[in-house]
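Here is a short briefing on one protein chain. Look at the sequence and the 3D view first, then work through the points by topic.

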Amino acid sequence: MRECKNIITIGREYGAGGRTIAKRISQELGIPYYDKDIIKLTAEKTGFTEEMIQGTEEKEAGRNIFNWFMPSGASSSYDQAILAQAQTIRKIAKEGPCIIVGRGADYILRDFPNLVNVFVYANEEDKIKYAMDTFGESKEQAVKRVRHSDTSRESYYHYLTRARWGNLKNYDLCLNSSPIGKEACADIIIEYALRK
């Protein structure tokens, strides 16, 4: 097993395979990956419920992370939940090499050395097929799910960073998982991380 000294963040569109790719990288490199368990870890250390923290990715709001540190008054519980999740991500990253899926980790960890930021996307028809296969939905329902999920992720990222989600300049690698598959995407990310 080759040693990886990097923290890998994976931003992803719905149905592009971010979690599957992270899991493969984790197995190949022997480093942990974190996705939805960040929500559980954050809830355990705060007074927020998992539902509240999960809800931060499904709402659109109007400030960015710097407002939390400004002396302009109390922040909302929404802001506090996002900040708590950001603190959990930073704590995880300080523990050593790992993979973090979503949650604006590329931005939250931007001052960390040895960071590899990746964005994974997929063709629309593949994302719709994923939703249909996973949830047994009609095509119309799957289209709505894909659009809602991607819009929520885009809104969350913009709220956190004031940057455009999926902008290639924010990442070291941008990969379309549709033509080459998730396994090949994972292999490319591994090779890049080991060389960086």
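Predicted model: local features only at pLDDT ≥ 70, side-chain atom pairs only at ≥ 80, totals over all residues.

A search of the whole structure turns up 0 disulfides.

**Cysteines**
- Cys-185 is buried, because its relative accessible area is 0%, under the 20% cut-off.
- Cys-174 is partly exposed, with a relative accessible area of 29%.
- Cys-98 sits in strand β3 and is buried.

- Strand β3 spans residues 98-101.
- Strand β1, residues 7-12, pairs with β3 in the parallel sense, over 4 bridges.
- Within that part of the sheet, Ile-8 has Ile-99 of β3 as its bridge partner.
- Strand β2, residues 33-34, also pairs with β3 in the parallel sense, here over 2 bridges.
- Tyr-34 stands opposite Ile-100 of β3.

**Ser-177**
- Ser-177 belongs to helix α8, which covers residues 177-180.
- Its relative accessibility is 6%, so Ser-177 counts as buried.
- Which backbone oxygen lies 2.8 Å from a polar atom of the Ser-177 side chain? That oxygen belongs to Ala-16.
- Leaving out residues up to four places away in sequence, Ser-177 touches Ala-16, Val-120, Tyr-121, Ala-122, Lys-182 and Cys-185.
- One of these contacts, Cys-185, is the cysteine with 0% relative accessible area.

**Aromatic pairs**
- The structure holds 3 aromatic pairs.
- Phe-119 and Trp-165 form an edge-to-face pair, with 5.3 Å centre to centre and 85 degrees between the planes.
- The pair counts as edge-to-face because 85 degrees is over the 60 degrees set for that class.
- This pair links distant parts of the chain, 46 residues apart. Phe-119 lies in strand β4 (residues 115-121), and Trp-165 lies in the loop between α7 (139-161) and β5 (173-176).
- Phe-119 counts as buried, because its relative accessibility is 4%.
- Trp-165 is buried too, with a relative accessible area of 13%.
- Phe-119 and Tyr-171 form a tilted pair, at 5.3 Å centre to centre and 45 degrees between the planes.
- That pair also links distant parts of the chain: Phe-119 in β4 and Tyr-171 in the loop between α7 and β5 are 52 residues apart.
- Tyr-171 has a relative accessible area of 9%, so this residue is buried.
- Which residues do the ring pairs link into a cluster? They are Phe-119, Trp-165 and Tyr-171.

**Charges over rings**
- Arg-110 lies over the face of Tyr-107, 4.0 Å from the ring centre.
- Arg-145 places its charged end over the ring of Phe-135, at 3.7 Å from the centre of that ring.

Terms used:
Residues numbered from 1 in each chain as written. Heavy atoms only, no water. Buried < 20%, exposed > 50% of the residue type's maximum accessible area, 1.4 Å probe, protein only. Pairing = 2+ DSSP bridges. Polar contact = N/O pair within 3.5 Å; in protein donor to acceptor, adjacent residues only side chain to side chain. Contact = heavy atoms within 4.5 Å. Phe/Tyr/Trp six-rings, centres within 6.5 Å; stacked < 30°, edge-to-face > 60°. Lys NZ or Arg CZ within 6 Å of the ring centre and 35° of its normal. Disulfide = S-S within 2.5 Å.
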